[in-house]
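Welcome! Please have a look at the sequence and structure first.

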Amino acid sequence: MTVETLAAASTAGQTAAETADAVQQWWQSDLAQRWLIETPIGIGITLIVALVLHWLLRRGITKVANNSIKNGRIDSDKAKRRSKRRGKRADETDAQKKAREGRRVSRIRTLAGVARSAAAIVVWVWAALDILSKLGVNVAPLIASAGVIGVALGFGAQSLVKDFLSGIFMLLEDQYGIGDTIDLGDGIFGDVESISLRVTTVRDIDGALWYVRNGEILQVANHSSDYSVARLQIPVGLSNDTEAAGNVIEEAVKHAAKDDKIRDLVLAEPRVDGMSNFEPDYVSFRVSIRTMPGRQWDVQRFLQSRILNVMNAQGITTPYPHGIGIPDPRKEEEF
């Protein structure tokens, strides 16, 4: 082996030793320990904590919602059994209780969904800020900037915030639910198909689907809350005996209310209020009957048909039974 070869081997050995020492010194340095061990472990712990916390919150919110639904059903069953033991007639029918329970369950599930979304946002925003902090990013300016941006967005998106707040209070107060028939004014009248924190959709009688922002709903008339009232105005010609006409209408209404087609929709005995209008060419009898929520129009249509048939059978005439200006043919035959 030559002198040059020995010198090269010695130089290579020294270089390898120096490299190994440099690597060992770098590995033992605070920078390497922080970026290769402490920071990854800290980020991993943060992610694990966030995942576990998110899972616990979701599970807890879901469990609370399910318990609320279950406890409500148990309380309803207990009240029903107490009413039966005391021999008292329940104020609400089974159909009413079922409709009320459905709305309550829908409201609880909607609120639970909102709570789960809010919990997820809080948990993962905290996790993101904690991870940035572990990476050496100063999060204080970010938080301050987020506050300024939030204020700017608040001014720019006031209507959106208003929609969300109105949706939350609407759900909490149970102003209306899916399936209810509501009147929002401005020609928006129909059945509620879906509810979110921002928008309520309503299907009107012509099949049009209205998307209404919750923040724009200043007043709402719910025709399906607890119960409804079917109200009829029965016109009767002035040539009739009004007392006899009132008796015929009352008997017809009471008999029709017991028909199998609407019996389950009727919640109370019908009431005939007598003559409510006295016009130059007819008098009008008012009839009102309490019905299942949102079913007043079905009952109204059925009663009107039955009352008209009974009136015709009993000889109680309506105004202008033969048309305006057309005399009764039976009277012409007498002459």
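Of the 335 residues in the protein, 27% are buried, where buried means under 20% relative accessible area, exposed means over 50%, and partly exposed lies in between (1.4 Å probe, protein chains only). This is a predicted model, in which local features need pLDDT of at least 70 and side-chain atom pairs count only at pLDDT 80 or more, while totals for chains, interfaces and linings use all residues. Residues are numbered from 1 along each chain as its sequence is written, and side-chain values use heavy atoms, with hydrogens and water left out.

**Overall make-up**

The protein has eight helices and eight strands; these are DSSP runs numbered from the N terminus, with helices (H or I) of at least four residues and strands (E) of at least two. The accessible surface comes to about 22,100 Å², and carbon and sulfur atoms account for 57% of that area. Such areas come from the Shrake-Rupley method with a 1.4 Å probe, and for residues only the protein chains shown count as cover. Among contacts (heavy atoms within 4.5 Å) with a separation of 6 or more, 66% are between residues 24 or more positions apart.

**Strands and sheets**

Strands of a sheet pair through backbone hydrogen bonds, either parallel or antiparallel. In this model, five strands make an open sheet in the order E4-E3-E2-E1-E5, with antiparallel pairing; two strands count as paired if DSSP finds at least two bridges between them. Strand E4 (209-213) and strand E5 (221-222) stand at the edges with a single partner strand each, so one side of each has no neighbour in the sheet. Inside this sheet, strand E1 (residues 181-185) and strand E2 (residues 188-195) pair over four bridges in the antiparallel sense. Asp183 has Phe189 in E2 as its bridge partner.

Another antiparallel pair is strand E7 (residues 271-278) with E8, joined over six bridges. E7 and E8 form a hairpin, with three residues between them. Here Gly274 stands opposite Arg286 in E8.

**Nonpolar cores**

In soluble globular proteins, nonpolar side chains tend to be buried together. A nonpolar core is a set of buried Ala, Val, Leu, Ile, Met, Phe, Trp, Tyr and Cys residues joined through side-chain atoms within 4.5 Å. The largest one here has 26 residues, of which Ile234, Val236, Ile249, Leu303 and Ile307 touch the most other members. At least two residues of this core come from each of strand E6 (228-237), H6, strand E8 (282-291) and helix H7 (296-314). H6 gives the most, with seven residues.

Which residues does Val236 touch, not counting those up to four places away in sequence? Val236 is in contact with Ala245, Ile249, Tyr282, Val283, Phe285, Met311, Ile316, Thr317 and Pro319. There is also a second, separate core of 12 residues, which includes Val192, Leu197, Val202 and Val212.

**Salt bridges**

Side chains of opposite charge can pair when their charged atoms come close. The structure holds nine salt bridges, each being a side-chain nitrogen of Lys or Arg within 4 Å of a carboxyl oxygen of Asp or Glu. The table lists some of them.

| Salt bridge | Closest N and O atoms |
|---|---|
| Asp163 and Arg213 | 3.0 Å |
| Glu216 and Arg213 | 3.4 Å |
| Lys254 and Glu250 | 3.2 Å |

Asp163 is buried, at 2% relative accessibility, whereas Arg213 is partly exposed at 30%. Glu216 is partly exposed at 47%.

Lys254 and Glu250 are both in helix H6 (residues 242-257), four residues apart, about one turn of the helix. Lys254 is partly exposed, with a relative accessible area of 33%, and Glu250 is partly exposed at 28%. Through shared partners, salt bridges join Asp163, Arg213 and Glu216 into one network.

Which residues make a nonpolar surface patch of about 510 Å²? The patch is made by Ile41, Ile45, Val49, Leu53, Leu57 and Trp126. Patches are made of residues with over 30% relative accessible area and no salt bridge, with like charges joined within 9 Å and nonpolar side chains (Val, Leu, Ile, Met, Phe, Trp, Tyr) within 5 Å. Helix H2 (residues 30-85) supplies the largest share of the patch, five residues. Ile41 is located in helix H2 and is partly exposed, with a relative accessible area of 47%.
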